[in-house]
Amino acid sequence: MNLLQGKTAIITGATRGIGKGIAEIFAQQGANVAFTYSSSVEAANALEKELNEKGIKAKGYQSNAANYDQAQELVADVIETFGSIDVLVNNAGITKDNLLMRMSEEDFDNVIDVNLKSVFNMTKAVQRTMLKQRKGSIINMSSVVGVKGNAGQANYAASKAGIIGFSKSVALELGSRNIRSNVVAPGFIETEMTGKLDEKVVEGWRNAIPLKRGGNPEDIANTCLFLASDLSAYVTGQVINVDGGMLT
């Protein structure tokens, strides 16, 4: 049984890491997938081809979710091509880490724009469609850092904590229309980015996690699959930590 048969999902920032994992599992489960990317055209073309080969409809859009007008335009294009939007996964994000004393205003503003303002832009853009359909699932990607903070990541933690407050408010506003809003807070997830880190450092992180391993994009994607599907029909306003027990 395909859990997302006939549903259309928008996933932001999907050409690598967690976003790509979500796109692949959603397509596997029968969802049509519209995904965004910022600059990696080749990776986007390859992903589009890979997803379409699973027998669903997939299309990549070069779009900056941090730009209000581009978000509106993207959603209009997706509705024209796919006819509906059942699931929104706000996954696009960046880091610009530094201690507060060394953090520039620009680095603070950029991280808030890409990570938090994009969630406002995209949610606002899909809201009208979901209200008309009287159904929808919004899944926002936070982080354990947004739940507990982290030295050297004040900007990132602020953006990811902001996502939690925003999502809970949206859950309260839109619940009566059967539109659900939830948050996934990944822990240490091993992706292309962590592959560049020193192996000893990574090993230390793994040992500090109760499940003794880093997560992989599929671990996050499976949680998103639950939240996107009707299995979670009575779940809204929640933060699900997917962190191997890191915050336990």
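Colleague: What makes a residue part of the lining of the second largest pocket?

Modeller: A lining residue has an atom within 4 Å of a pocket point, a pocket being an open set on a 1 Å grid over the protein atoms alone, with protein on both sides within 12 Å along at least five of seven lines. Tyr68, Gln72, Val75, Ala76, Ile79, Lys124, Ala125, Gln127, Arg128 and Thr129 line the second largest pocket. The model is predicted: local features need pLDDT of at least 70 and side-chain atom pairs 80 or more, while totals for chains, interfaces and linings use all residues. Numbering runs from 1 along each chain as its sequence is written, and side-chain values use heavy atoms, without hydrogens and water.

Colleague: Which helices supply that lining, and what is the volume of the pocket?

Modeller: Helix H3 (68–82) and H4 each give at least two residues to the lining; helices are DSSP runs (H or I, at least four residues), numbered from the N terminus. The volume, the space filled by probe spheres set on the points, is about 190 Å³. By class, the lining has five nonpolar, three polar and two charged residues. Asp, Glu, Lys and Arg count as charged, Ala, Val, Leu, Ile, Met, Phe, Trp, Tyr, Cys and Pro as nonpolar, and the others as polar.

Colleague: Why are H4 and H6 called roughly parallel?

Modeller: H4 (residues 105–133) packs on H6 (residues 154–174) at about 15°, with axes 8 Å apart. Angles under 35 degrees count as roughly parallel, over 145 as roughly antiparallel, 65 to 115 as roughly perpendicular and the rest as oblique, so H4 and H6 are roughly parallel. The crossing of H4 and H6 is right-handed: the near helix is turned clockwise from the far one by less than a right angle.

Colleague: Which residues of H4 and H6 meet?

Modeller: Contact means heavy atoms within 4.5 Å. Among the H4 residues are Phe108, Val111 and Gln127, and among those of H6 are Tyr156, Gly162 and Phe166. The contact of H4 with H6 has 13 nonpolar, six polar and two charged residues.

Colleague: What makes H1 oblique to H8?

Modeller: H1 (residues 17–28) and H8 (residues 217–228) pack at about 50°, with axes 8 Å apart. That angle makes H1 oblique to H8. Their contact includes Ile18, Ile22 and Phe26 of H1 and Ile220, Cys224 and Leu225 of H8. The residues divide into 10 nonpolar, three polar and one charged.

Colleague: Why is H1 placed in another class relative to H2, as roughly parallel?

Modeller: H1 and H2 (residues 41–52) pack at about 20°, with axes 10 Å apart. H1 and H2 are therefore roughly parallel. Lys20, Ala23, Glu24 and Ala27 in H1 meet Leu47, Glu50 and Leu51 in H2: four nonpolar, no polar and three charged.

Conventions: Axes are lines fitted to C-alpha atoms, for helices over the stretch in contact, and angles run from 0 to 180 degrees between N-to-C directions. On a 1 Å grid over the protein atoms alone, a cavity is a set of points where a 1.4 Å probe fits but cannot get out, and a pocket is an open set with protein on both sides within 12 Å along at least five of seven lines; lining residues have an atom within 4 Å of a point.
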